[in-house]
Amino acid sequence: MFLNFIDELRSAGIPASLKEHLVLLEALDKDVIEQTPEAFYYLSRATFVKDEGLLDRFDQVFRKVFEGVFSDYGQQPVDIPEDWLKKLAERYFSAEEMEAVKALGSWDEIMETLKKRLEEQEKRHQGGNKWIGTNGTSPFGHSGYNPEGVRIGGEGKQGRAIKVWEKREFANLDNTRELGTRNIKVALRRLRRFAREGAAEELDLDATIAGTAKQGWLDVVMRPERHNAVKVLLFLDVGGSMDPFVRLIEELFSAATAEFKNMEFFYFHNCLYEGVWKDNRRRWSQRTPTWDVLHKYGHDYKVIFVGDAAMSPYEISHPGGSVEHMNEEAGTVWLNRVVQTYPATVWLNPSPERQWGYSGSTRMIREIMGGAMYPLTLDGLDSAMRELTRKKG
């Protein structure tokens, strides 16, 4: 099975040598991990994956090889009523019903009301207009309708929730996915500033010819390799409403990785807050404070945000507005800090530009960016790269 694992890793383009295979076997022989599938997953990933961009492909290979071996391991029964786990029926609301549902009011009023509901509610509810439940007009729950509420579990239907409480799993992007078109790379190449730095390892043919002619003997002249000196910080929105754009973002990520040798990337969800991350599976346990990013990377970096900017306005404007945690400072505070630290900052939006005007959050972020929001199209990329070139760090 392990040899098949190695073959599958190599077929997926992940370097897997005999040495690494022996290291894995030695680690297992010495019992350096607990005898659990999760521990083996992390051990094998640490052994074979040397590039964050290959994490997603490793996960696919691991599942393909070991699915069925570990599928039933450690499954603990959970004493939860079955009807809580399944929607009993899909309820559709008429225009009259939707019109009759009134929003509770401000963010503070909604959160205060939710707190009271949690204290008072003792059982499951379905189809109502007050308690936390499903298929109703209550502002709390899921699979129903309310113009402004808090989704707890389930799937979003109307896209109107101002906060979502549920476990999220985001997949890492693959930075080696083949591009559907080379035009993305061509557009990114506008953001270039070549320089020669480092050790002199490249033959300078013109200088060698000139020196040899002048000296009368072979005068070999070496020079540092010419490379793109532009430094890029890439912030990628993942999960939720970004799921339909995964392939497009992977193509951009792949092209950017190839074009910019001095590039760092981080993930965020919906809006930038006090922490970002490199691995979506460890986004809670291995987060990088945003302050550390601002202090580590100089103001000469070019910053590119990639996201659809589609969220509740509260996620941008209010402390505690994040859909996943209680953020102490509003998203707008962190976005403004980035813009003030890095003069060359743009936002690439994969959603159609004609829809931006209907989204309050999109208008807010575009204003924070000083208007530097561009559609993730070839023309939009070209305009964004021109904008970054004009703005000097």
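Which residue forms a salt bridge with Lys231, and how far apart are the closest N and O atoms? The partner is Asp300, with those atoms 2.5 Å apart; a salt bridge here is a side-chain nitrogen of Lys or Arg within 4 Å of a carboxyl oxygen of Asp or Glu. Keep in mind that this is a predicted model, where local features need pLDDT of at least 70 and side-chain atom pairs count only at pLDDT 80 or more, while totals for chains, interfaces and linings use all residues. Residues are numbered from 1 along each chain as its sequence is written, and side-chain values use heavy atoms, with hydrogens and water left out.

**The big picture**

- Out of 393 residues, 46% count as buried; buried means under 20% relative accessible area, exposed over 50%, and partly exposed in between, using a 1.4 Å probe and protein chains only.
- Take the contacts with a separation of 6 or more: 66% of them are between residues 24 or more positions apart (contact means heavy atoms within 4.5 Å).

**Salt bridges**

- The whole structure has 10 salt bridges.
- Back to our opening pair: Lys231 sits in strand β8 (residues 231–237) and Asp300 in the loop between α11 (290–296) and β12 (302–306), so this bridge links distant parts of the chain, 69 residues apart. Lys231 is partly exposed at 23% relative accessibility, and Asp300 is partly exposed at 29%.
- Glu8 and Lys64 pair up too, with their closest N and O atoms 3.2 Å apart. Because Glu8 is in helix α1 (residues 2–11) and Lys64 in helix α4 (residues 55–66), the pair ties together parts that are 56 residues apart in sequence. Lys64 is exposed, at 57%.
- Arg390 and Glu387 meet at 2.6 Å, N to O, and both belong to helix α15 (residues 378–390), 3 residues apart, or about one turn of the helix. Arg390 is exposed at 57% relative accessibility, whereas Glu387 is buried at 13%.

**Nonpolar cores**

- In soluble globular proteins, nonpolar side chains tend to be buried together.
- The largest nonpolar core here has 57 residues, and Phe235 and Phe305 touch the most other members. A nonpolar core is a set of buried Ala, Val, Leu, Ile, Met, Phe, Trp, Tyr and Cys residues joined through side-chain atoms within 4.5 Å.
- A second, separate core has 21 residues, including Leu9, Ala16, Phe40 and Phe48.

**A closer look at Thr47**

- Thr47 belongs to helix α3 (residues 37–48) and is buried, with a relative accessible area of 11%.
- A polar atom of the Thr47 side chain lies 2.8 Å from the backbone oxygen of Leu43.
- Leaving out neighbours within four places in sequence, Thr47 is in contact with Glu20, Val23 and Leu24.

Terms used: Helix = DSSP H or I, 4+ residues; strand = E, 2+ residues; numbered from the N terminus. Polar contact = N/O pair within 3.5 Å; in protein donor to acceptor, adjacent residues only side chain to side chain.
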